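Here is a short briefing for a first look. Please keep the structure in view as you read.

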Amino acid sequence: MPKRRSSEPGHRRKFLVVIDDTPECDRAVYFASRRARQTGGSLVMLYVMPPGDYQHWLGVETIMRAEAQDEARRVLGEFAEKARKWAGIEPELVIREGNRAEELLAVIEEDEDIVVLVLAASAGKEGPGPLVSAIVSRSAGTYPIPITIVPGSLSDEEIEALS
C-alpha cells in the first residue's frame, strides 16, 4: 500500500465513503461531508456495481451494464447533492464494478490522499451490515487507513457534535 500523502504540499486529506442502498449510508455521508468541511479536506464517494455475469449474452450484458451505470450515477448524484447541501463541498464520484471489498481497497491504494474510510453501521437487530462486518472481521487490524464507523441511529445533531 502506498504512503499516504495528504499532509504534503499540493495534496489534500480525503474522506472515503461507500455509497449503497442501505438506510444508514445517509449517516456515513453526513458525517464524512461535515468532517471533510471541518478539516479542510474533501470527500470521495465510491459506488461499486456488482460484477456482470452475462458472458453468453453480450448484447444483454452491455444493456445491463449501462443500466447499472445509470443507476450508479443517479444514486451518487443524490448523495452528492446532499453533501453540497450539508457541507458545501463538491465530492469526487467514483464508480467501480466488481467485489465491493476488493474495489474499496483498490481505490484506497490508487489515491494516496484518502486517509479515512467512513462507514455507517446498521441500527437494526441483524448486525452492523455486511460491509462493516467483512472489514472489521477480516482486516481491521491490518487495514491501510483508519476506519470510522458511524452508528446508523445518530441524529444530525449528534453527528454535528462529533464531526
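Strand 1 and strand 4 (residues 114-121) run parallel, joined by four bridges. This is a predicted model: local features need pLDDT of at least 70, side-chain atom pairs count only at pLDDT 80 or more, and totals for chains, interfaces and linings use all residues. Residues are numbered from 1 along each chain as its sequence is written, and side-chain values use heavy atoms, with hydrogens and water left out.

- Helices (H or I, at least four residues) and strands (E, at least two) are DSSP runs, numbered from the N terminus.
- Two strands pair if DSSP finds at least two bridges between them.
- K14 has I114 as its bridge partner in strand 4.
- Strand 2 (residues 42-49) also runs parallel to strand 1, with five bridges between them.
- V17 has M45 as its bridge partner in strand 2.

**Burial of strand 1**
- Buried means under 20% relative accessible area, exposed over 50%, partly exposed in between (1.4 Å probe, protein chains only).
- Five of the five residues of strand 1 (residues 14-18) are buried, so the strand is largely enclosed by the rest of the structure.
- In a regular strand the side chains alternate between the two faces of the sheet.
- Here K14, L16 and V18 point one way, and F15 and V17 the other way.

**Helix 1**
- Helix 1 (residues 25-39) forms a right-handed β-α-β unit with strands 1 and 2. Right-handed means that, with the strands pointing away from the viewer, the path from the first strand over the helix to the second runs clockwise.
- Of its 15 residues, 11 are buried, so helix 1 is largely enclosed by the rest of the structure.
- Buried residues of helix 1 include C25, Y30 and A36.
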